[in-house]
Structure formats: structure tokens, C-alpha cells
Amino acid sequence: MSQLKVGIVGAGYWGPNLIRNFSACPLTEVVAVCDSSPERLETIGRTFSHLTLVNSIDQLLELPIQAVAVATPVSTHYQIASRCLEAGLHVLVEKPLAATTHDARSLVELAEQRQRVLMVDHTYLFNNAVSRIKELVEYGELGDLYYIDSIRINLGLFQRDVNVVWDLAPHDLSIVDYILGCDARSISAWGCAHADRDIEDVAYVNVDYNEQMLANFHVNWLSPVKIRQMIFAGSRKSLIFNELNTAEPIKVYDRGIELGEGIEDRRRLMVGYRTGDVRSPHIEVGEPLQAVVSHFAECIRDGKTPLSDGRLGLRVVSQLEAATRSIRAQGGRIVLSNGALNHGAAGSRANGSGERNQDQLGRPTGEKRVHALLR
């Protein structure tokens with residue numbers, strides 16, 4: 001197979017990273033970049049003078065390309081991705097897949113109808129540390145997982161069209177979905193807004209996976225320090241993933257509790273404490289985004305389903321939507337229907353009151369605007 005000819009839609013924050021990685025991948029060739037901003041296109045043109053630069057999707061679709069990578073605001077993902085799928089192109093979409101569960105499900109169905117690859121850029125799934133965590137969990141190194149606790153906080157970057165949950169939590173939700181391989185049962189979330197009263201910049205999300213497995217995610221744009229840490233606590237061992245520790249991103253702790261085996265011991269809460277060694281597994285160095293790009297091209301070439309396919313993207317969007325509904329209902333728990341996220345049925349209901357009249361992304365409801373790229 002010759003190199004896959006790719007167009008990049010969006011040349012803002014993430015677009016240049018996609019251009020660089022698609023250009024470096026031996027399986028792909030970047031043909032064009034599409035953005036509504038002349039200034040951004042001019043900047044791209046100075047570095048990549050050989051690329052065709054266009055300012056609308058219509059112009060992009062006239063070019064000889066086979067796939068697109070979409071890195072535009074979340075509110076535009078559905079319109080742009082659906083146009084490209086209908087034109088017969090394979091599509092890689094920056095996370096999250098779409099702004100609503102309905103739109104995400106429509107993209108999944110459209111990709112299946114057109115027999116095109118739809119992949120979501122959940123980059124952490126291609127991080128070697130995350131892959132190693134999945135191996136350790138699957139091989140039983142940690143025993144039965146008790147809980148997952150994540151802190152993903154920093155100072156900014158503030159988003160205009162999504163709240164902090166939609167901006168940061170997709171990373172954690174996709175990682176846990178990938179590692180556990182099971183559906184979430186329910187979600188409860190709390191959040192508050194400071195810089196913009198309509199967009200939460202601090203939030204806490206609690207996800208229930210089964211009777212003995214809970215996950216907590218703290219996401220925050222107001223923190224004076226940057227922290228990227230996840231704790232996976234198991235019955236045998238626990239693991240800490242610290243993304244900012246590039247030398248030793250994973251540490252496995254042989255520390256925990258040992259419950260008495262007899263019924264009477266458990267009734268009397270006879271708990272023993274175990275303190276053992278700490279080890280840091282070796283993690284191969286690699287750029288996750290380069291792995292994303294290569295995987296996307298390989299799936300198109302070989303007819304494979306991507307690791308972060310549209311259905312995983314749909315599950316994440318459904319949980320994001322439910323989390324924001326919970327915030328609107330002052331922490332009311334949202335029950336996710338069993339199997340709904342896999343089979344495309346309606347996915348959630350709220351247990352709570354006080355829901356505000358706003359959409360799922362944290363902005364007031366109103367008429368949809370047509371993005372400049374689609375005019």
C-alpha cells in the first residue's frame with residue numbers, strides 16, 4: 001500500500017502536533033491543512049511550504065486525500081467528521097468524539113454504513129506506561145481492583161466551549177475503560193465555576209463500575225501546580241502512575257491490608273497490614289501520538305478495528321454527558337443502562353433535582369452556529 005494521503009482539519013493548539021507526526025510516519029503523507037484562520041494557515045505555510053492550504057471543508061474534499069484528522073473545537077466535531085465520512089474518507093477525531101451522545105452514536109453508525117475507519121485520538125491508550133498498567137492488571141499482579149483515584153490538575157488552559165470535565169476527564173475515562181474492559185454503571189459529579197459562571201473549572205467525578213470498584217477523578221484548571229497522577233489499588237498490590245515522572249512513571253507497591261479468612265475474623269474486622277517492596281517497571285520510551293498515527297494508518301491498511309474506535313469514543317462521551325447532567329442536578333447520580341453504551345441505545349437517567357436549563361457542555365442552550373470551515 002502506498003502512503004495514506006491525509007488532510008489535517010484545524011491548525012490551532014493540537015493541529016501542528018498532528019501535522020508533525022503524520023509527516024514523520026512512513027505510512028502517511030500530509031497533503032493539505034484546512035483552517036478558517038488565514039493567520040494560522042500562514043504560520044503553517046512558513047514551516048510546511050509544500051502543503052496545500054485551504055480554508056473550508058468543501059475545498060479540502062476536492063483534494064486527492066483518503067483520510068482526515070480533525071482537531072477543531074468539540075462543538076464542530078460532528079459536522080466536520082460526518083461530512084468527511086459521507087465523502088468516503090477515514091476519520092481520526094481529537095477527543096472527545098462529539099458534543100453529545102446522540103452525535104457520537106450517529107458518527108459510529110455512519111462510519112459502519114460507509115465501511116470507513118473512525119478513530120478517536122485518546123492518546124493515553126498509546127502511552128507505553130498505560131499499556132504496562134493494563135498488562136499488570138490483566139495478569140493479576142494487583143489482585144482484585146478496589147478503587148482508582150486520579151488527580152489531573154493544572155493552571156489553565158481555559159476552554160471556551162467545554163467545561164473542565166469535557167477537557168480533562170476524557171483522558172481518565174478512556175484509560176479506565178481500556179484497562180478494566182467493562183462498562184461504567186453510574187456516575188455522580190460535582191463542579192463549580194469561577195472564571196466563567198457557565199463553565200465549570202473545578203470538578204470531582206465519581207464512577208461506579210461494580211459492587212467493589214469505584215473510580216474518583218479530580219479535574220481542575222485553577223491549581224497552582226500541575227499534577228498528573230493515578231492510583232490503582234488492588235487486593236494484592238497497588239500502583240501509582242505519575243505521568244510527570246518520566247524516569248519512573250509507574251511504581252508498584254507491595255503494601256495493603258490482609259483480611260482474616262474466617263467469617264468471624266471478618267465480622268470482627270480483623271485486618272492485618274502488609275508492608276513490602278516498591279518497584280518501578282521499565283517503560284520503553286516512545287511518543288504516544290506517533291503510535292496513534294501509525295495505528296490509524298495500519299487499521300485502514302489492514303481493515304482492523306482501532307484500539308480507540310468510535311464505540312470507545314461513544315462510551316466516553318456518554319459518561320461525560322452524564323457527569324455534566326449530574327453537576328446540573330447538584331451531584332444527582334446518573335445510572336447508565338447496562339449495555340447501552342455498546343449497543344447504541346439511550347444511555348442514562350438522572351436521580352436528582354435542580355437541573356439548570358443548559359446543554360451538556362456547560363454552555364447556555366441556543367441556536368447552533370455554522371462553523372466557518374463549513375460555510
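This is a predicted model: local features need pLDDT of at least 70, side-chain atom pairs count only at pLDDT 80 or more; totals for chains, interfaces and linings use all residues.
The bridge partner of I151 in β10 is H218. Strand β7, residues 145-155, and strand β10, residues 213-220, run in the parallel sense and are joined over 7 bridges. I151 also stands opposite Q229 in β11. Between β7 and strand β11, residues 222-234, the pairing is antiparallel and extends over 9 bridges.

S150 lies in strand β7 as well. Its relative accessibility is 1%, so S150 counts as buried, the limit being under 20%. Setting aside residues up to four places away in sequence, S150 touches D172, N216, F217, H218, Q229 and M230.

The chain as a whole can now be described. The protein chain contains 11 helices and 16 strands. Of its 375 residues, 52% count as buried. Where contacts link residues at least 6 apart in sequence, 67% of them join residues at least 24 apart.

| Residue | Relative accessibility | Class |
|---|---|---|
| S150 | 1% | buried |
| F126 | 11% | buried |
| H171 | 17% | buried |
| H282 | 58% | exposed |

H171 is found in helix α7, residues 164-180. Because its relative accessibility of 17% falls under 20%, H171 counts as buried. Apart from neighbours within four places in sequence, H171 is in contact with K95, Y124 and R152.

F126 occupies the loop between β6 (118-121) and α6 (128-138). With a relative accessible area of 11%, F126 is buried. Residues up to four places away in sequence being left out, F126 touches M119, P288, A291, V292, H295, L307 and S308. The C-alpha atoms of F126 and L289 are separated by 7.4 Å, although the two residues are 163 residues apart along the chain.

Is H282 buried or exposed? Its relative accessibility is 58%, which is over 50%, and therefore H282 counts as exposed. H282 is placed in the loop between β14 (271-279) and α9 (288-302). A separation of 9.2 Å is found between the C-alpha atoms of H282 and R132, which are 150 residues apart along the chain.

The last topic is a pocket. Rolling a probe the size of a water molecule over the atoms shows where empty space is left. The second largest pocket holds about 260 Å³ of space. Its lining consists of 15 residues, and E112, R116, L118, T305 and P306 lie nearest the centre. Which helix gives the most to the lining of the second largest pocket? That helix is α5, with 3 residues. Both α5 (101-114) and α10 (310-328) supply at least two residues of this lining. In terms of residue class, the lining of the second largest pocket comprises 6 nonpolar, 4 polar and 5 charged residues.

Definitions and conventions. Residues are numbered from 1 along each chain as its sequence is written. Side-chain values use heavy atoms; hydrogens and water are left out. Helices (H or I, at least four residues) and strands (E, at least two) are DSSP runs, numbered from the N terminus. Buried means under 20% relative accessible area, exposed over 50%, partly exposed in between (1.4 Å probe, protein chains only). Contact means heavy atoms within 4.5 Å. On a 1 Å grid over the protein atoms alone, a cavity is a set of points where a 1.4 Å probe fits but cannot get out, and a pocket is an open set with protein on both sides within 12 Å along at least five of seven lines; lining residues have an atom within 4 Å of a point. Grid points are joined across faces, edges and corners, and a volume is the space filled by probe spheres set on the points. Ala, Val, Leu, Ile, Met, Phe, Trp, Tyr, Cys and Pro count as nonpolar, Asp, Glu, Lys and Arg as charged, and the others, Gly among them, as polar. Two strands pair if DSSP finds at least two bridges between them.
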